[in-house]
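Me: I've got a model open and want to talk through how its pieces pack. Can we go through it together?

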Amino acid sequence: MAKAKFFLDTRRTKPGSPSVLKVAIGHRDKTAYISLEARLLPEQWDAANSLVVNHPEQHVLNIYIGGIKQRVERTLFILADNGSLQGMSANDIKLEIERSLNPSKVEAKEHKQRNKRLFAVRFKRFAETKKTSTCGVYMQTYRRMVAFIGEAALQRLTFEDITKEWIAKFEAFLAKTAPSKNARNIHLRNIRTVFNEAIDDEITTAYPFRRYDVRPVATRKRNLKVEDFRTLIEYPCEEYAVKYVDMFKLMFMLIGINAIDLYNLKKIEDGRVCFNRSKTNRLYSIKVEPEALEIINHYRGKGYLLDIHDRYKNHQDFLKKMNDALKKIGPMKRVGRGGKKVREPLFPEISTYWARHSWATIAASLDIPRDTIAHALGHGNNTVTDIYIDFDQSKVDEANRRVLDWVLYGKK
């Protein structure tokens, strides 16, 4: 049989400070506590009679405690009478007593607990903790889920509702507009990441990915061979595209620096550019070779290292225009009365990211150690070993010089 008694909890109270009066519910060798709106000094509590004594408001407090006692006893009687106590824990009984004492508070608490289990609430909250670009990727996944089952249904979805079968149906839906398995995997990995966080926070034990494959599928390499790279940088392209070819060369010479990091470079110090890569926040330090410095000097900016920061409203604007221009480079002729341009692109799928892939591939072809290439690209594992061993940066500098000598001058 469950029992309840009043209990002045002095366990964590500093001497001379009042303690919280609680109701202790004992059931099956377990105890749960309900805190009351009363704080008392030890000498103001008569534990044997459950009464407040020697307190300026003892009359009011004893009426309050009497009312609590009646509702607690009534709740225990009802639970025992309808046979509910048999299958309840001390915490279950505590919740029912709290419901009788303060229904609105319990309802708010239960609503909060339900929200914790709602997948959409957790997903959006997780996305909002990420930087803008990453948050955008997560919200794209959110929009695909809305398109799949609708906003209202998604708002009701709990972690337990997302089963392996649900994931399979969602991927089948994604396949209608995203035939690439790797593209679909982005959305599945985003969902899986939120599941992992919820499991870590003990919100759920459900995990639909235990036997669901989200491994990447091998794709065609996105890089230029040495001969192709030379063709691109030496091609007599249209005047407007010259600066984009120069920026592509500069990206390559700075070991495949990303467009956003190139856009945000501030200055050269001691012959190097130092920056935290936007994607990983990992610190980079790249030696500026003479060929790279020549390009930089030609496109010097005002407040930033390069004038692309002055000429484009943001890095995405620069990136889009550069990729569009690179894709058009190649033989061009005008046809018809209007002189419409007809192009034969040299590399119709090229993008700025090819500079990074090309550097790594060419470095590997020169038998530069994989460990050096990995450090050059910032692919260290951030392990304890990585933290305590300062990789010899001169190895990366030498590797970049070897790559440039081979690509620009044919010297191995």
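**Helix packing and the sheet**

Reply: Helix α10 passes helix α15 in a right-handed crossing, meaning that the near helix is turned clockwise from the far one by less than a right angle. This is a predicted model: local features need pLDDT of at least 70, side-chain atom pairs count only at pLDDT 80 or more, and totals for chains, interfaces and linings use all residues. Residues are numbered from 1 along each chain as its sequence is written, and side-chain values use heavy atoms, with hydrogens and water left out.

Me: Which residues of α10 and α15 make the contact?

Reply: From α10, Phe248, Met251 and Phe252. From α15, Trp354, Ala355, Ser358, Trp359 and Ile362. Contact means heavy atoms within 4.5 Å.

Me: And by class?

Reply: Seven nonpolar, one polar and no charged residues. Ala, Val, Leu, Ile, Met, Phe, Trp, Tyr, Cys and Pro count as nonpolar, Asp, Glu, Lys and Arg as charged, and the others, Gly among them, as polar.

Me: What angle do α10 and α15 pack at?

Reply: About 45°, with their axes 8 Å apart. The helices are residues 239–253 and 353–365. Axes are lines fitted to C-alpha atoms, for helices over the stretch in contact, and angles run from 0 to 180 degrees between N-to-C directions. Helices (H or I, at least four residues) and strands (E, at least two) are DSSP runs, numbered from the N terminus.

Me: New topic. What order do the strands of the open sheet take?

Reply: β1-β2-β3, with antiparallel pairing. Two strands pair if DSSP finds at least two bridges between them.

Me: Which strands stand at the edges?

Reply: β1 and β3, each with a single partner strand, so one side of each has no neighbour in the sheet. Neighbouring strands are turned by 25° against each other on average, direction ignored.

Me: How many bridges join β1 to β2?

Reply: Seven. Lys5 has Ala24 of β2 as its bridge partner. Eight bridges join β2 to β3, where Lys22 partners Ser35.

Me: Is β2 enclosed or exposed?

Reply: Largely enclosed by the rest of the structure, because eight of its nine residues are buried. Buried means under 20% relative accessible area, with a 1.4 Å probe and protein chains only.

Me: What about the hairpin of β2 and β3?

Reply: Two residues lie between the strands, and Arg28 takes a positive phi near 55°.

Me: Which helix lies across β1, β2 and β3?

Reply: α1, residues 58–81, running at about 160° to β3. Helix α2 also packs on the sheet, touching β2 and β3. The direction of α2 makes about 35° with that of β3.

Key
Buried means under 20% relative accessible area, exposed over 50%, partly exposed in between (1.4 Å probe, protein chains only).
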